[in-house]
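Please keep the sequence and the model in view while reading.

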Amino acid sequence: MTEFIVPDWRAPRGVHALVTTRAFGDMRAGGAGRARIREFVPGAPLWIRQVHGCAVARADAEPSVPDAPEADAACARTSARACAVLTADCLPVLLASRAG
């Protein structure tokens, strides 16, 4: 069973995405998948407590703490951090500037 999917998209150099599947592991807080994801992303990913709102968390400004910020979107402006998004019945939207 496939553990993750790498999107085939025309993203700028340096912009990457990775979609995990159930086989990868549980991505909820404390799940085995969260520990494993660190092998594939730069630094600690920014996990957010997702709500249906308009707050945006900045991965390069938020510290890596167990208490994730409450937001419905995340952005990174440096290659040193990654944004993590949990989905169930919602479709994630990934955006990047042309410069990456």
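Which residues does Pro92 touch, not counting residues up to four places away in sequence? Pro92 touches Val85 and Thr87, where contact means heavy atoms within 4.5 Å.

## Basis of the model

This is a predicted model, in which local features need pLDDT of at least 70 and side-chain atom pairs count only at pLDDT 80 or more, while totals for chains, interfaces and linings use all residues. Residues are numbered from 1 along each chain as its sequence is written, and side-chain values use heavy atoms, with hydrogens and water left out.

## Overall fold

Along its principal axes, the C-alpha trace spans about 35 × 30 × 25 Å.

Among contacts with a separation of 6 or more, 29% join residues 24 or more positions apart.

## Surface and burial

The protein chain exposes about 7500 Å², of which carbon and sulfur atoms supply 53%; accessible areas come from the Shrake-Rupley method with a 1.4 Å probe, and for residues only the protein chains shown count as cover. Buried residues make up 22% of the 100 residues, with buried meaning under 20% relative accessible area, exposed over 50%, and partly exposed in between (1.4 Å probe, protein chains only).

## Nonpolar cores

In soluble globular proteins, nonpolar side chains tend to be buried together. Here the largest nonpolar core has six residues, namely Phe24, Met27, Ile37, Trp47, Ala68 and Ala84; such a core is a set of buried Ala, Val, Leu, Ile, Met, Phe, Trp, Tyr and Cys residues joined through side-chain atoms within 4.5 Å. Apart from that core lies another, of five residues, including Leu46, Ile48, Ala59 and Ala71.

Ile37, a member of the largest core, touches Leu18, Thr20, Phe24, Met27, Pro45 and Trp47 when residues up to four places away in sequence are not counted.

## Individual positions

Ala44 lies in the loop between helix 1 (32-37) and strand 3 (46-47), and Ala44 is buried, with a relative accessible area of 18%. From C-alpha to C-alpha, Ala44 and Arg81 are 6.6 Å apart in space, although 37 residues apart in sequence.

Val56 belongs to strand 5 (residues 56-58) and, leaving aside neighbours within four places in sequence, is in contact with Ala71, Ala73, Ala74 and Cys75. Pro92 is found in the segment after strand 8 (83-84) and counts as partly exposed, at 38% relative accessibility.

How values were computed:
Helices (H or I, at least four residues) and strands (E, at least two) are DSSP runs, numbered from the N terminus.
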